[in-house]
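Here is a walk through one model, strand by strand and then contact by contact. Keep the structure open as you read.

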Amino acid sequence: MSGARQTPASLVGARPEAAHIIEFDGREIPALPGQSIAAALWAADILAWRTTRVEGRPRGAFCGIGACYDCLATVNGRPNQRTCLLPAQPGDTVTTQEGHGRADLAI
Ligand code: FES
C-alpha cells in the first residue's frame with residue numbers, strides 16, 4: 001500500500017478550484033468551492049462539532065443528507081444549521097454547538 005493519502009477528489013481525478021478559508025472554533029480550515037461545511041471539517045480530521053442536549057456527547061455528520069440533524073453547528077452566529085447541507089462560503093465562522101444551541105436565550 002502506498003503512503004499517499006487518497007481523497008474522493010484524487011480517486012475521480014477531479015481538479016477543483018483553489019481552496020478558501022473558513023473558521024472553526026478559531027481555527028482556519030481550508031474548504032473547496034462547493035464543499036459542504038461538514039465535508040470541509042471531515043477533510044480537516046474534525047469529526048465532532050456538536051454535543052447532545054442531555055449528556056453532552058460528541059456528534060458530527062452521520063447521514064450526510066439532512067435527515068438526522070447530528071451535524072448541527074452554529075454558523076455565522078446562527079445556531080442549529082445542518083452543516084451537511086450548507087456549502088462552505090469564504091469567511092464562514094463555524095462554532096461547536098453545545099446542547100440545544102440557544103445559549104443566547106438563557107437567563
Ligand atoms: S449529517 Fe444528518 S442532517 Fe447533516
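Strand S1 (residues 20-24) joins S2 through five bridges, and the two run antiparallel. Within this pair, Ile22 stands opposite Ile29 in S2. S1 and S2 form a hairpin with two residues between the strands. Asp25 in that hairpin takes a positive phi near 45°. The model is a predicted one, so read every value here as computed from predicted coordinates.

Now place that hairpin in its sheet. Five strands make up an open sheet in the order S2-S1-S7-S5-S6, and the pairing is mixed. Strands of a sheet pair through backbone hydrogen bonds, in either the parallel or the antiparallel sense. Which strands stand at the edges? They are S2 (27-31) and S6 (78-82). Each has a single partner strand, so one side of each is left without a neighbour in the sheet. From one strand to the next, the twist averages 40°.

Go to S6 and its partner. Strand S5 (residues 72-75) pairs with S6 over three bridges, in the antiparallel sense. Ala73 stands opposite Gln81 in S6. S5 and S6 also form a hairpin, with two residues between them. In its turn, Asn76 has a positive phi of about 50°.

Next, look at Gln97. This residue belongs to strand S8 (residues 97-98). Is Gln97 buried or exposed? Its relative accessible area is 1%. The cut-off for buried is under 20%, so Gln97 counts as buried. Which residues does Gln97 touch, leaving out those up to four places away in sequence? Leu72, Ala73 and Thr74 are among them. Pro79 and Asn80 are also on the list. Trp49, Arg50 and Thr51 complete it.

Turn now to the charged side chains. How many salt bridges does the structure hold? There are three.

Arg50 is buried, with a relative accessible area of 10%. Asp70 also counts as buried, at 17% relative accessibility.

Another salt bridge joins the side chains of Arg5 and Asp45, at 3.9 Å from N to O. Arg5 lies in the segment before helix H1 (8-12). Asp45 lies in the loop between helix H2 (37-43) and strand S3 (50-51). The pair therefore ties together parts that are 40 residues apart in sequence. Are these two residues buried or exposed? Both Arg5 and Asp45 are exposed.

Arg57 and Glu55 form a salt bridge too, and their closest N and O atoms are 2.8 Å apart. Glu55 counts as exposed, at 55% relative accessibility. Arg57 counts as partly exposed, at 46%.

Technical notes. Residues are numbered from 1 along each chain as its sequence is written. This is a predicted model: local features need pLDDT of at least 70, side-chain atom pairs count only at pLDDT 80 or more; totals for chains, interfaces and linings use all residues. Side-chain values use heavy atoms; hydrogens and water are left out. Two strands pair if DSSP finds at least two bridges between them. Helices (H or I, at least four residues) and strands (E, at least two) are DSSP runs, numbered from the N terminus. Axes are lines fitted to C-alpha atoms, for helices over the stretch in contact, and angles run from 0 to 180 degrees between N-to-C directions. Buried means under 20% relative accessible area, exposed over 50%, partly exposed in between (1.4 Å probe, protein chains only). Contact means heavy atoms within 4.5 Å. A salt bridge is a side-chain nitrogen of Lys or Arg within 4 Å of a carboxyl oxygen of Asp or Glu.
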